[in-house]
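Have a look at the structure before reading on.

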Amino acid sequence: MGTVLEGLPANRLVTEVAGPTGANVYDHEMFGSVALDEATVDAFRRGDDAAVRAVYQQYSGLSMAVAMRVLGDRGLAEESVQQAFLQAWRNAGAFDSGRDLAPWLATITRRTAIDIQRREARRTTSSLDDADPTDSALITMPPSEERAWEAAQVRLAIDSLSTDEREIVRLHHMEGLTHQLIADHLGIALGTVKSRSFRAHQRLAAALGHLRDVPS
Amino acid sequence: MASDELTSGETDLLNEFAVLLADPSLWAVPAPEVEHRVVDVIRAEAAGSSTSTYHVYNWHSRARRWLTVAGAVAVGAAAATAITLVATRDSTPSPDSTIAMAGTDLAPGLVGSAQLTVVSSGVRISFALPGLPRRDGGEFYQVWLKNCDGTELVPAGSFHDLDGVVAWAGVSPVDFPMLTVTREAAAPPKDPAQGTSGEVVATGAIASCAA
């Protein structure tokens with residue numbers, strides 16, 4: 001799945017997920033997020049406030065993206081994020097501080113989110129006859145690990161942009177604004193928007209290239 | 001090809017993620033208090049605190065479930081009869097508790113919650129009261145902790161609204177177990193001493209005041 005971009009760091013993660021027909025093995029190649037240094041990870045293990053904040057600030061976006069992908073509810077997703085970081089800390093002793101925390105945190109978040117989803121499903125019980133046939137909860141399953149990884153990767157790529165670049169990408173894709181409207185909205189020159197947009201999208205393409213299937 | 005144009009390969013690649021990039025959930029950011037909770041709970045566990053589990057509530061879904069209960073008690077004046085404490089079984093507040101908040105006659109039908117966490121520097125109070133209209137232009141809401149007989153008030157912060165905000169109090173909720181929210185105005189001559197207006201819009205009971 002994907003390719004390792006030449007000259008860029010890559011992290012490989014192989015996960016095994018039990019499925020209905022047995023274990024499914026996912027071999028991930030992730031674009032290397034800016035990993036925290038080992039000293040910070042070690043301090044995180046000790047529960048050092050500054051290190052906990054550093055880890056949280058680095059990866060909370062990724063965790064939230066995965067949680068939202070599973071739960072679709074902000075309040076529940078925030079609960080999942082909180083639980084994920086707590087579980088990550090509780091299990092940090094088993095983690096190799098030389099590795100990137102991103103894939104590990106994404107996995108933990110997906111699991112906590114699914115647990116919350118199951119809890120909420122048990123809590124709200126009503127007859128199927130009363131259910132709205134268009135209610136997505138009737139037919140949706142938790143997103144696959146592949147889909148959760150994809151969201152995590154895209155969010156990591158977004159978070160790697162500068163604040164200015166990220167805002168332009170957000171306005172363009174999420175708000176659907178043209179370059180001119182973005183320039184008007186931000187109060188900056190159209191040329192500045194175009195150049196920042198170009199740089200941002202070029203960096204996104206570089207960051208996400210490994211997610212594209214490699215033709216055989 | 002101009003130097004500031006993406007290659008066709010780059011464009012095709014980004015088009016594959018167009019739907020995901022347009023999805024608001026991808027861009028969601030946790031509320032600031034989530035970071036504080038993460039830091040606090042890890043600190044507490046690292047210190048070997050007895051608070052080994054941290055009660056995290058989905059404020060909004062729980063507020064909806066409390067509607068029928070709060071509807072029966074959401075009338076009356078500020079010195080309220082104690083509202084049933086949700087998260088504890090005795091009159092002593094636990095290190096972290098979530099209590100129901102209910103509106104007074106000035107905010108009928110208002111329901112919400114407040115999550116309290118006792119830390120070394122005081123009591124952090126995280127509110128979820130989505131029904132209060134925003135106040136601006138020198139008008140605001142003030143949070144108070146109050147003793148049982150209502151003779152002593154401790155301010156805990158002023159806000160435009162009370163949904164998703166965090167207040168802090170430097171007193172023990174054991175001594176000041178009543179939580180109130182008043183509507184205030186900053187400009188004199190209405191309130192030159194900036195004390196409470198007495199116009200309570202919401203109340204909650206951290207612990208029972210029953211004798």
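## A helix pair, an interface and a loop

In this predicted model, H2(A) passes H3(A) in a right-handed crossing. H2(A) covers residues 49-71 of chain A and H3(A) covers residues 74-90, and the two pack at an angle of about 130° with their axes 8 Å apart. That angle is why H2(A) counts as oblique to H3(A).

Who meets whom here? From H2(A) come A:Tyr56, A:Ser60, A:Ser63, A:Met64, A:Ala67, A:Met68 and A:Leu71, and they meet A:Leu76, A:Ala77, A:Ser80, A:Val81, A:Ala84 and A:Phe85 of H3(A). Sorted by class, that contact has 10 nonpolar residues, three polar ones and no charged ones.

Now for the two chains. Their contact takes 41 residues from chain A and 34 residues from chain B. On the chain B side, these elements give two or more residues each:

| Element of chain B | Residues |
|---|---|
| helix H1 | 8-16 |
| helix H2 | 18-22 |
| helix H3 | 32-46 |
| helix H4 | 59-65 |

H3(B) gives the most to this side, with nine residues. By class, the chain B side divides into 24 nonpolar, four polar and six charged residues.

Last stop: B:Asn147, which sits in the loop between strands S4 (139-146) and S5 (153-159) of chain B. Leaving out residues up to four places away in sequence, B:Asn147 touches B:Glu152, B:Asp175 and B:Phe176. The C-alpha atoms of B:Asn147 and B:Val174 are separated by 8.8 Å, with the two residues 27 residues apart along the chain.

Note on methods:
Residues numbered from 1 in each chain as written. Chains lettered and ligands numbered in written order. Predicted model: local features only at pLDDT ≥ 70, side-chain atom pairs only at ≥ 80, totals over all residues. Axes fitted to C-alpha atoms, helices over the stretch in contact; angles between N-to-C directions. Helix = DSSP H or I, 4+ residues; strand = E, 2+ residues; numbered from the N terminus. Parallel < 35°, antiparallel > 145°, perpendicular 65-115°, else oblique. Left-handed = near helix turned anticlockwise from the far one by under 90°. Contact = placed C-beta atoms within 7 Å. Nonpolar A, V, L, I, M, F, W, Y, C, P; charged D, E, K, R; others polar.
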